[in-house]
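Have the sequence and the coordinates open as you read.

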Amino acid sequence: MANQSTGLIRIIKAAGYSVKGIRAAWQNEAAFRQEVIVAILAIIIAFSLDFGMSERLLLIGSVMLVVIVEILNSAIEAVVDRIGSEYHELSGRAKDMGSAAVFLTMILALFIWGMILWSYFMH
């Protein structure tokens with residue numbers, strides 16, 4: 001008999017953990033909520049304008065990447081906070097690097113949106 005933690009059961013459990021993580025991010029992280037709202041609006045815009053498939057994938061992918069990186073940043077912050085509340089250089093560095101990852105992802109998304117919208121409206 002196959003191991004019960006493989007195959008479909010494992011996938012169902014993993015999906016449950018993912019939903020739990022998304023729910024925790026929504027309940028505990030204001031930045032995540034704000035970025036999800038912006039992503040939803042951006043996706044609506046991406047489908048409202050006459051973009052090709054490649055442009056639409058880049059637009060939606062870039063805003064979803066911001067949301068994904070924000071979840072990873074929140075996870076880093078939660079682990080650091082769990083370890084202890086006293087300041088430690090490595091804890092500060094970990095949080096700063098997570099924040100930097102979100103910031104760079106936002107810049108990438110803005111660049112992609114800017115270039116595609118510029119091309120769309122200028123041609």
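Is Gln34 buried or exposed? Gln34 is exposed, at 52% relative accessibility; the scale used here calls a residue buried under 20% relative accessible area, exposed over 50% and partly exposed in between, with a 1.4 Å probe and protein chains only.

## Ground rules

This is a predicted model, so local features need pLDDT of at least 70 and side-chain atom pairs count only at pLDDT 80 or more, while totals for chains, interfaces and linings use all residues. Residues are numbered from 1 along each chain as its sequence is written, and side-chain values use heavy atoms, with hydrogens and water left out.

Helices here are DSSP runs of H or I with at least four residues, numbered from the N terminus. Gln34 and Ser18 are 16 residues apart in sequence, and their C-alpha atoms are 19 Å apart in space.

Helix α1 takes in residues 7-28, Ile11 among them. Ile11 counts as partly exposed at 47% relative accessibility. Ile12 also has its place in α1, and with a relative accessible area of 53% Ile12 is exposed. Ile12 and Ile37 are 25 residues apart along the chain, with 27 Å between their C-alpha atoms.

## The annotated active site

Which residue does the UniProt annotation "active site" cover? According to that unreviewed entry, it is Glu70; bear in mind that UniProt positions are given in the numbering used here, that feature names are shortened, and that annotations may be inferred rather than shown by experiment. Glu70 is in helix α3 and is buried, with a relative accessible area of 5%. Leaving aside neighbours within four places in sequence, Glu70 is in contact (heavy atoms within 4.5 Å) with Ala31, Phe32, Glu35 and Val102.

Asn73 is also in helix α3, and counts as buried at 6% relative accessibility. Beyond its neighbours within four places in sequence, Asn73 is in contact with Lys95, Gly98, Ser99 and Val102.

## The annotated binding site

The "binding site" annotation, again from the unreviewed UniProt entry, covers Arg10, Tyr17, Glu29, Glu77, Glu86, Tyr87, His88, Lys95 and Asp96. These positions are spread over 87 residues of sequence and also spread in space, up to 38.4 Å between C-alpha atoms.

Glu86 is found between α3 and α4, and is exposed, with a relative accessible area of 55%. His88 is found in the loop between α3 and α4 too, but counts as partly exposed at 42% relative accessibility. The side chain of His88 reaches the backbone nitrogen of Leu90 at 3.0 Å. That is a polar contact, meaning a pair of N or O atoms within 3.5 Å; within protein, one must be able to donate a hydrogen and the other to accept it, and residues adjacent in sequence count only if both atoms are side-chain atoms.

## The largest pocket

How is the largest pocket lined? Its lining is made of Glu35, Val38, Ala39, Ala42, Val63, Val66, Val67, Met106, Ala109, Leu110 and Trp113. A pocket, on a 1 Å grid over the protein atoms alone, is an open set of points where a 1.4 Å probe fits, with protein on both sides within 12 Å along at least five of seven lines, and lining residues have an atom within 4 Å of a point.

The volume of the largest pocket is about 220 Å³, counted as the space filled by probe spheres set on the points, with grid points joined across faces, edges and corners. Helices α2 (30-48), α3 (53-83) and α4 (89-122) each supply at least two residues of the lining.
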